Amino acid sequence: MKVVFAATTEQEEQIEALVDKMLHHVLPHYFSEKELQTFGDMNILKPTEKCMDTLGDAYSVMASLQTLMHLLENEGLKKEHCELFNRNTEILNRFDISFPFSFQHFLPEQTKESMNVDQTYLQ
């Protein structure tokens, strides 16, 4: 028999606070106001019930959000952050939290140019 603990109200509130911080304090450094409004209409970063199944699931979501914010808030992404960024994006998407951005969306312009990256997104 396996005992599984459900996510707590405090965890749900923490996830909501992290999503709010990502939407209002982190993403505005990378996207225009119009783009951010579109993201809201598309339910980007909106948690669903699926991400709240267990205590462990909620901790995974919180850790992924915190990791992504840390990468994006500091000096910006560098090529060596790609694997960490992708792993945490996959975790969010696994728990039905839409984060449809790629690593390249957050790279500085000079890095995008040197990597010859297509700058379109959300097509």
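Predicted model: local features only at pLDDT ≥ 70, side-chain atom pairs only at ≥ 80, totals over all residues.

Colleague: Where does Asn 88 sit, and is Asn 88 buried or exposed?

Modeller: Asn 88 belongs to helix H4, residues 82–94. Buried means under 20% relative accessible area. Asn 88 has 7% relative accessibility, so Asn 88 counts as buried. Its contacts, apart from neighbours within four places in sequence, are Ala 63, Ser 64, Thr 67 and Leu 68.

Colleague: Which residues of H4 are buried?

Modeller: They are Phe 85, Asn 88, Thr 89, Ile 91 and Leu 92. These residues lie on the same side of H4, because they cover an arc of only 155° around the axis. Helix H3 (55–73) is included in what covers them. On the other side of H4, the exposed residues are Glu 83, Glu 90 and Arg 94.

Colleague: Now the core. What is the general idea?

Modeller: In soluble globular proteins, nonpolar side chains tend to be buried together. Here the largest nonpolar core has 32 residues. Met 22, Leu 27, Leu 45, Phe 99 and Phe 106 touch the most other members.

Colleague: Which elements give two or more residues to this core?

Modeller: Helix H1 (9–26), helix H2 (33–41), H3 and H4 do. H3 gives the largest share, eight residues.

Colleague: What is Leu 45 in contact with?

Modeller: Setting aside neighbours within four places in sequence, its contacts include Val 19, Met 22, Leu 65, Leu 92 and Phe 99.

Key
Residues numbered from 1 in each chain as written. Heavy atoms only, no water. Helix = DSSP H or I, 4+ residues; strand = E, 2+ residues; numbered from the N terminus. Buried < 20%, exposed > 50% of the residue type's maximum accessible area, 1.4 Å probe, protein only. Contact = heavy atoms within 4.5 Å. Arc of directions from axis to C-beta. Core = buried A, V, L, I, M, F, W, Y, C linked by side-chain atoms within 4.5 Å.
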